[in-house]
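These are my notebook entries on one structure. I set down what I looked up, entry by entry.

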Amino acid sequence: MKIESTIVVVTAVCIFLTFYFSLLSFQTGDNVLKGQLVILSVLYLLTGILVFGCLIIYLAIRRVFVKAEFRKSEKAMENA
């Protein structure tokens with residue numbers, strides 16, 4: 001499995017867990033448990049955003065290096 005696919009799956013799981021714990025916090029009657037579920041939901045949301053941000057940075061860096069490598073190979077072909 002490619003790294004991009006893995007990161008997207010992890011992000012999707014984090015977003016799913018965010019909605020799941022949010023729904024559970026609305027259904028529970030205990031205020032302490034409700035607060036803990038909301039905190040857990042926020043943490044999964046932040047984790048999903050962080051992982052997705054890492055994916056964006058990874059793709060940007062990879063694109064820069066691919067372009068640099070392509071330019072290097074073009075110059076090598078011109079000199080040959």
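**Entry 1: Valine 8.** I began with valine 8, which is partly exposed because its relative accessible area is 45%. I use buried for under 20% relative accessible area, exposed for over 50%, and partly exposed for values in between (1.4 Å probe, protein chains only). Valine 8 belongs to helix α1.

**Entry 2: Basis of the values.** I note that this is a predicted model, in which local features need pLDDT of at least 70, side-chain atom pairs count only at pLDDT 80 or more, and totals for chains, interfaces and linings use all residues. Residues are numbered from 1 along each chain as its sequence is written, and side-chain values use heavy atoms, with hydrogens and water left out.

**Entry 3: The chain as a whole.** I found 2 helices and 0 strands in the protein chain. Helices (H or I, at least four residues) and strands (E, at least two) are DSSP runs, numbered from the N terminus. Of the 80 residues in the protein chain, 16% are buried. The chain exposes about 6,500 Å², and carbon and sulfur atoms supply 72% of that area; accessible areas come from the Shrake-Rupley method with a 1.4 Å probe, and for residues only the protein chains shown count as cover. I then turned to contacts, meaning heavy atoms within 4.5 Å. Among those between residues at least 6 apart in sequence, 61% join residues at least 24 apart.

**Entry 4: Helix α1.** Does the length of α1 agree or disagree with its 25 residues? At 1.5 Å a residue the span should be 36 Å, and the end C-alpha atoms are 36 Å apart, so the two agree. The expected span is 1.5 Å times one less than the number of residues. The buried residues of α1 include Ile7, Thr11, Leu17 and Ser25.

**Entry 5: The salt bridge.** How many salt bridges does a search of the whole structure find? I recorded 1 salt bridge, defined as a side-chain nitrogen of Lys or Arg within 4 Å of a carboxyl oxygen of Asp or Glu. Arginine 62 forms it with glutamate 4, and their closest N and O atoms are 2.1 Å apart. The pair links distant parts of the chain, since arginine 62 is in helix α2 and glutamate 4 in helix α1 (residues 3–27), 58 residues apart. Side chains of opposite charge can pair when their charged atoms come close. Glutamate 4 counts as buried because its relative accessibility is 16%, whereas arginine 62, at 40%, is partly exposed.

Entry 6: Serine 41 is in helix α2 and is buried, with a relative accessible area of 5%. Leaving aside neighbours within four places in sequence, serine 41 is in contact with Thr18, Phe21 and Ser22. Threonine 28 sits in the loop between α1 and α2 and counts as buried at 17% relative accessibility. With the neighbours within four places again left aside, threonine 28 is in contact with Leu33, Lys34 and Leu37.

**Entry 7: Cysteines.** I found 0 disulfides in the structure, a disulfide being a pair of cysteine sulfur atoms within 2.5 Å. Cysteine 14 is buried, with a relative accessible area of 7%, and cysteine 54 is partly exposed, with 43%.
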